[in-house]
Amino acid sequence: MTTPKTVLFHLSDIHFGLEDRAALAWVERCIAEEKPAAICITGDLTMRARHREFAAACRWISSLGPPVTVEVGNHDMPYFNLIERFVDPYRRFRSIKALLEMQLNLPGVAIVPLKTATRAQWRFPWSNGWVTGAALRQTLAAIDALPSGTRALVTAHHPLTERDPRGKRLTINGEAAMAALAERNVLAILTGHVHDAFDIDQPTPAGKLRMIGAGTLSKRIRSTPPSFNQLTLTDAGIAVTVRNLEAVPTPAMQIGQVPENALPPRQPEDPVAPVRTVPAHDPPVH
Ligand SMILES: [Fe+2]
Ligand SMILES: [Fe+2]
């Protein structure tokens, strides 16, 4: 049986408090006119998890028509109130819970969350990702409970790349998580955090896992203008278009490897600076 075409908008790192208002107004128009089946926001909804930033995020999400999923990002836990950060780190994030879908089932595909942000870690910076055993078990159980033949799109804040080209540890337990996902019927993992888009086939012991990253809709840009991903799902897979106000073609918007964070690249010879490549996937849909 043929699955109908499904269009999703993958947004990330809006960082209310430092959001790009012109970019958000444009995204609102795109959503109103094109009516995607769902909107997936992969974390860093706020800049410093301030109450007023979450309130602005709530107002914005409430104004959108389609169902919305949001993952918690490292910026979405209290930054100034360390007691609250340790005791109840997700209290402010839960203020948007009533507006969200926790797990979303669309025709032939389910959107399943994976938590990668943690309140504290045994290393610095705490802003990097960590797939805890409990978080991975919860995601795998949700995937394994899907009806037979259902494909999963996993949504997380941090890319799962475990080490950068210099060997620096990025997401703890990322490699094991990618291998476990690659063993299952997972179309791709959608992430954010680095503020540039990418579309990478990551080899794992269990086969390739497609990692799709969305850029930012904030003023905190890394090397590309504000953008979001349009994902077109068909039986053949996913076609990704990186939409942006400057009409930069998708291949030029996508970086070739995952950097450590959203800081602008330091110098051209930097091994984690953008390497613009054309991903070997479906041609983008315009
Ligand atoms: Fe961010
Ligand atoms: Fe982040």
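N74 is buried, with 23 other C-beta atoms within 10 Å; a residue counts as buried if 20 or more other C-beta atoms lie within 10 Å of its own, as exposed if 12 or fewer do, and as partly exposed in between, with C-beta atoms placed from the backbone. The model is predicted: local features need pLDDT of at least 70, side-chain atom pairs count only at pLDDT 80 or more, and totals for chains, interfaces and linings use all residues. Residues are numbered from 1 along each chain as its sequence is written, while chains are lettered from A and ligands numbered from 1 in the order in which they are written.

N74 is found in the loop between strand 3 (68-70) and helix 3 (82-87). Helices (H or I, at least four residues) and strands (E, at least two) are DSSP runs, numbered from the N terminus. Not counting residues up to four places away in sequence, N74 touches D44, A117, S127 and H157; two residues are in contact if their C-beta atoms, placed from the backbone, lie within 7 Å. N74 and V194 are 120 residues apart in sequence and 12 Å apart in space, C-alpha to C-alpha.

The protein has six helices and 12 strands. Seven strands form an open sheet of mixed pairing, in the order 4-5-6-7-9-8-12. Strand 4 (104-106) and strand 12 (254-255) stand at its edges, each with a single partner strand, so one side of each is left without a neighbour in the sheet. Two strands pair if DSSP finds at least two bridges between them.

| Strand pair | Bridges | Bridge partners |
|---|---|---|
| Strand 5 and strand 6 | five bridges | A110 and A152 |
| Strand 6 and strand 7 | four bridges | T155 and L190 |
| Strand 7 and strand 9 | three bridges | I189 and M211 |

Five of the five residues of strand 6 are buried, so strand 6 is largely enclosed by the rest of the structure. Both of its faces are covered, with R151, L153 and T155 on one side and A152 and V154 on the other. Strand 6, helix 5 and strand 7 make a right-handed β-α-β unit; a crossover is right-handed if, with the strands pointing away from the viewer, the path from the first strand over the helix to the second runs clockwise.

Helix 4 (residues 133-144) lies across strand 5 (109-113), strand 6 (151-155) and strand 7, running at about 165° to strand 5. Helix 5 (residues 174-182) lies across strand 6, strand 7, strand 8 (197-204) and strand 9, and runs at about 110° to strand 9. Axes are lines fitted to C-alpha atoms, for helices over the stretch in contact, and angles run from 0 to 180 degrees between N-to-C directions.

Five strands form an open sheet in the order 3-2-1-10-11, again with mixed pairing. Strand 3 and strand 11 (237-244) are its edge strands, each pairing on one side only. Neighbouring strands of this sheet are turned by 20° against each other on average, direction ignored.

For the protein as a whole, buried residues make up 44% of the 286 residues. Residues 24 or more positions apart account for 74% of the contacts with a separation of 6 or more. The C-alpha atoms fill a box of roughly 55 × 45 × 40 Å, taken along the principal axes.
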